[in-house]
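These are my notebook entries on one protein model, set down in the order in which I looked things up. The sequence and structure come before the entries.

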Amino acid sequence: MTYYFQNPSDGVVKRYLENSKVIAVVGLSDREETTSNRVSKEMKERGYRIIPVNPRAAGSQIFGETVYASLKDIPFPVDIVDVYRRSEFLPDVARDFLEADAKIFWAQLGLENEEAEQILREAGREDIIMDRCIKREHTRLILSE
């Protein structure tokens, strides 16, 4: 049987984007040619605070923000956790998400994982988006008004 994740309605996704200010980006690279860097830079230019999460770059800075090794290390609340890690790593990120002060779990375009969804839902978390590009959704739902 094929796994199929059902994203929230456009209205809900739009509300997430309108009400969010801080996005923690798991897997954010300091290399400008990467998708995570390009999309995060664009979202920063659109007014969001981007918090980098990358254990290999922990302690350094990307976009003027300290890089954290893990979501659990971020000492303040986060609205959206935007994930750029392969689908098989999503369950681990979901577990970290539950230990962090974060509201919305967002897996980027091409990423989804049934186990990660189960982990989040069993913990009572319903604010989940998978297989969607945050920049594209922001362009479609916010900028195109």
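**Overall size and fold**

I began with the radius of gyration, taken over C-alpha atoms, and with the globule rule of 2.2 Å times the number of residues to the power 0.38. For 145 residues a compact globule would have a radius of gyration near 15 Å, and the protein has 14 Å, which agrees. I noted that this is a predicted model, in which local features need pLDDT of at least 70 and side-chain atom pairs count only at pLDDT 80 or more, while totals for chains, interfaces and linings use all residues. Residues are numbered from 1 along each chain as its sequence is written, and side-chain values use heavy atoms, with hydrogens and water left out.

Along the principal axes, I found that the C-alpha atoms fill a box of roughly 40 × 35 × 25 Å. I took helices (H or I, at least four residues) and strands (E, at least two) as DSSP runs, numbered from the N terminus. On that basis I recorded 5 helices and 7 strands, which follow the pattern α-β-α-β-β-β-β-α-β-α-β-α along the sequence. Of the 145 residues, 47% count as buried, where buried means under 20% relative accessible area with a 1.4 Å probe and protein chains only.

I next looked up the strand pairing, for which DSSP must find at least two bridges between two strands. Strand β1 (residues 22-26) runs parallel to β5, joined by 4 bridges, and there Val 25 stands opposite Asp 82 of β5. Strand β5 (residues 78-83) in turn pairs with β6 in the parallel sense over 5 bridges; I noted that Ile 80 has Ile 104 of β6 as its bridge partner, and that Val 81 stands opposite Phe 105 in β6.

In strand β6 (residues 102-107) 5 of the 6 residues are buried, so β6 is largely enclosed by the rest of the structure. The chain crosses from β5 through α3 to β6 in a right-handed β-α-β crossover, meaning that, with the strands pointing away from the viewer, the path from the first strand over the helix to the second runs clockwise.

β6 also runs parallel to strand β7 (residues 128-129), with 2 bridges between them, and Phe 105 has Ile 128 of β7 as its bridge partner. The β-α-β crossover from β6 through helix α4 (residues 114-122) to β7 is right-handed.

**Pocket and cavity**

I searched a 1 Å grid over the protein atoms alone, where a cavity is a set of points at which a 1.4 Å probe fits but cannot get out, a pocket is an open set with protein on both sides within 12 Å along at least five of seven lines, and lining residues have an atom within 4 Å of a point. The largest pocket has a volume of about 450 Å³. Of its 21 lining residues, Gly 27, Asn 54, Pro 55, Arg 56 and Arg 85 are the closest to its centre. Helix α3 (residues 90-99) gives the most to this lining, with 3 residues. I divided the pocket lining into 8 nonpolar, 6 polar and 7 charged residues.

I counted 1 cavity of 30 Å³ or more, and the largest cavity holds about 30 Å³ of space. Its lining includes Val 78, Val 81, Asp 101 and Ala 102.

Technical notes
Points joined across faces, edges and corners; volume = space filled by probe spheres on them. Nonpolar A, V, L, I, M, F, W, Y, C, P; charged D, E, K, R; others polar. Buried < 20%, exposed > 50% of the residue type's maximum accessible area, 1.4 Å probe, protein only.
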